[in-house]
Amino acid sequence: MPKIREPRYRKIAFLIAEKIVNNEYRVGTKLHARSTLSTTFGVSAETARKAINVLSDLDIVRAVHGSGVEILSREKAKSFLNQAAETTNIQNIHVQINDLIDEQKSALDNLSGALSTLFEQTQRVQQHNPLTPYELVLDQASPKLNQSIGGLNLWQNTGATVIGILHNEDLIVSPGPYAVIESGDTLYFVGNDTSYQAVQHFFTLPRLLPEPNASYPEMQSRAF
């Protein structure tokens, strides 16, 4: 949503009204030239003229041709400022509401994406035929790679039975315990509802923790 921007001449009208309310410009006195206003407020003569027109329409001032601008009413100037303050508050509340709506939309979009992912994974697990193999591409580094199926105790650790390994373009069906699983292989296996996550976690690279006394090599060398 675009931001609400107050026209420059209205801001000048507010400043003139404030000076009238504060008796800096007294009722009955005259501002003798628009050029004086433009210089005072640092705006063009045209902007000053528009500001005076706004105040003239509200009978706060009166532009007298050849005689300057006469101050007519301090009370109407005060009413103009009060109304402007209420309008500004409404605009600010409107902006805040729209900002909150945008934040909620963003949060809902994120939640919707997370729910879609969860739904897809749940459907894959719940609707998976136990006779249909799962497929997992081992394309990330893992200390479990380059080891045999038997050496990994894969069935004992995950409950999954490997029924095929796709290595490069060769598909090895019913690999035995001595078949080696390498990086880039596609693993085909069957198992229960939790087998896919178990195998995926089994081959996930663990987070490395610092070794004890890693920052004190002198102490380590003395331990040997």
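Handedness first: I call a crossing left-handed if the near helix is turned anticlockwise from the far one by less than a right angle, and right-handed if clockwise. Helices (H or I, at least four residues) and strands (E, at least two) are DSSP runs, numbered from the N terminus.

Ground rules: this is a predicted model, where local features need pLDDT of at least 70, side-chain atom pairs count only at pLDDT 80 or more, and totals for chains, interfaces and linings use all residues. Residues are numbered from 1 along each chain as its sequence is written, and side-chain values use heavy atoms, with hydrogens and water left out.

Entry: two helices. I looked up H1 (residues 8–21) and H3 (residues 45–57), and their axes come within 8 Å and cross at roughly 60°. Axes here are lines fitted to C-alpha atoms over the stretch in contact, with angles from 0 to 180 degrees between N-to-C directions. Angles under 35 degrees count as roughly parallel, over 145 as roughly antiparallel, 65 to 115 as roughly perpendicular and the rest as oblique, so H1 and H3 are oblique to each other. I noted that H1 passes H3 in a right-handed crossing.

Entry: Strands pair if DSSP finds at least two bridges between them; I found 4 joining E2 (residues 61–64) to E3 (residues 68–71), and the two run antiparallel. Arg62 stands opposite Glu70 in E3. The hairpin has 3 residues between its strands, and Gly66 in the turn has a positive phi of about 80°.
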